[in-house]
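Below are some brief notes for a reader coming to this model for the first time. Please read them with the structure open.

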Amino acid sequence: MIPSYLKNIPSTVGSGFLRCVTWRERHIKEKTFVSMLALVVGVACGFAALALKYLIHLIQHLLTANLSLTHGNYLYLIYPMIGIFITVLFVKYVVKDNISHGVTRVLYALSQNKSRLKRHNMWTSVVASSVTIGFGGSVGAEGPIVYTGSAIGSNLGRWFRLSPRILMILVGCGAAAGIAGIFKAPIAGMLFTIEVLMIDLTTVSVMPLLISSITAATVAYVFTGYDVEFFFVQSEEFLMWKVPYVIVMGIYLGFVSLYFTRSMNMMENFFRRIHSTWLKVAIGGSIVALLVFLFPPLYGEGYGSITGLLNGDTSSIVNNSIFYSDRYDVWSLMAFIGALVLLKSFATSATNGGGGVGGTFAPSLYVGCMAGFLYAYFLNTVFGVGISAKNFALLGMAGVMSGVMHAPLMGIFLTAELTGGYELFLPLLIASTLSYGTIKVFEPYSIYTMRLARQGKLLTHHKDRAVLTLLKVDNVVETDCIPVHPEMSLKDMVNVISRSSRNIFPVIDDNGQLLGVVLLDEIRNIMFRPDLYRRMYVREFMSMPPARVDVAMSMEEVMKAFDDTGAWNLPVVDQGRYVGFVSKSKIFNSYRRVLRHYSED
């Protein structure tokens, strides 16, 4: 017999597929099948990451191969604008959907949409971000590849009609594989799903996450070689007398992370107030183009500048710039790098705000590298400390990523896997932990989660809040309470009571607006007085509910309303119109069901 949930498969799928799925249901255990799908997700995401990197590098090479290294290039004033313009056309007329803020949209899908992502998300972010970044948009490719990988996992799971609990794991597998494939960093990919997407590491999820991450990284290694993403050679041993400088830098990086996050939010709010798409393109494109012209290292992901600083090459950072000089003094160099630290967040937010598609992974790594290098370079120049600037540039990458993403473990392992700098593991731990601790004092949520957290739509490791986030008001609404009208007589009210199984009745007007409620306990003393049947009306004995629940409220807000009022039933409204009632008992039963479902190991 075909399982009931398979009967909903569209007829276009075909009976052959139905038989295949049914056979799998009978002969392959769910855990084994999820591991098999994780392998498929890992391979698909590995190739998606390769395609994205290839497209970005191809476009960048075609546009910048013949530019001058020794003076400014005015083509930088038009490249980013063209890239953003093409991306907006693609999104507006081909995709016809918003694909920006990829990681935040994955978080939303996990907490509010039963881990479902649209089919076009499996490729549209790759195309849009490659154009944006290739033409000089100052963003990263990691957010789009996370969105793409998550969509691959989600749609593959939906194709086999798996439960939302398994879909959540497959979305995590896709995200982990995306990070692992783009960075060649399998451990960081898995940690990303735990710290950023906040998927619990259980006996069910650990194996699929590992399989997908390792598979995607293997695909990347097979086709691009076993080299790390950023070539780094530790030429100076890290000694314990340098630890105090690392401690101070960790706190400094926390404030750099705070500046990056706050400036990004400020610019995002600025662009949100602009309602014209083409005005956004003009303003965002102009800002990015001007910044890239003045400071060419802001072009694209900026990985070339990171590689240069990690290998002690400070001269190449001013190439292609109007500030280029054969002989530059140390103060000019520090001013140039300091400007990059301050302006990268504005270039990134202007790219996204103008309509480009890209992430904040690469910008946070970029800012961290520049900030760490600047810190060490300043101490060496002013105080003659003698610490390795390139070592501290690497520590800066881990510190700022840990602070911006609120993911210290991912920051540590990603930096180590990107550079092979495992010998700096202790200072990486110190810098990342202190940076995360510093920003946590001022910003309780990461740059990805703060928008959803403020709306109460964020799924977290906190089990109670996570379950409440998964619950929706419209799923627990009870509609069996019979509505009454304010002009009804007591006799009509008694007739309604005789037909009802509830002890509460909503009072509504002709437009369906909720005016109040009638409680059976409050009219029991007059129900059996026939002399009042024609003399009293509902409007005289109805009362106002202690609170109203809006259908758009989060379940956490609903529970707070119950706690504040002490009520057992509250009316639910949609813009004032009566919808139904929600009860504590119904919420509790749904809470237990969801908790049991998502806690199965």
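1. In this predicted model, helix 6 packs against helix 7 (residues 164-183) with the axes 7 Å apart and at an angle of about 145 degrees. The crossing of helix 6 with helix 7 is right-handed.

2. On the helix 6 side, the contact is made by Glu142, Ile145, Val146, Gly149, Ser150, Gly153, Ser154, Gly157 and Arg158. Helix 7 contributes Leu167, Leu170, Val171, Gly174, Ala175, Gly178, Ile179, Ile182 and Phe183. Sorted by class, the contact has nine nonpolar, seven polar and two charged residues.

3. Asn155 also belongs to helix 6, which spans residues 142-159. Is Asn155 buried or exposed? Its relative accessible area is 9%, so Asn155 counts as buried, the cut-off being under 20%.

4. What does the side chain of Asn155 reach? It reaches the backbone oxygen of Ala151, at 2.8 Å. Setting aside neighbours within four places in sequence, Asn155 is in contact with Leu117, Lys118, Arg119 and Met122.

5. On cysteines: how many disulfides does the structure hold? The number is zero. Cys369 has a relative accessible area of 0% and is therefore buried. Cys481, with a relative accessible area of 3%, is buried as well.

Terms used:
Residues numbered from 1 in each chain as written. Predicted model: local features only at pLDDT ≥ 70, side-chain atom pairs only at ≥ 80, totals over all residues. Heavy atoms only, no water. Helix = DSSP H or I, 4+ residues; strand = E, 2+ residues; numbered from the N terminus. Buried < 20%, exposed > 50% of the residue type's maximum accessible area, 1.4 Å probe, protein only. Polar contact = N/O pair within 3.5 Å; in protein donor to acceptor, adjacent residues only side chain to side chain. Contact = heavy atoms within 4.5 Å. Axes fitted to C-alpha atoms, helices over the stretch in contact; angles between N-to-C directions. Left-handed = near helix turned anticlockwise from the far one by under 90°. Nonpolar A, V, L, I, M, F, W, Y, C, P; charged D, E, K, R; others polar. Disulfide = S-S within 2.5 Å.
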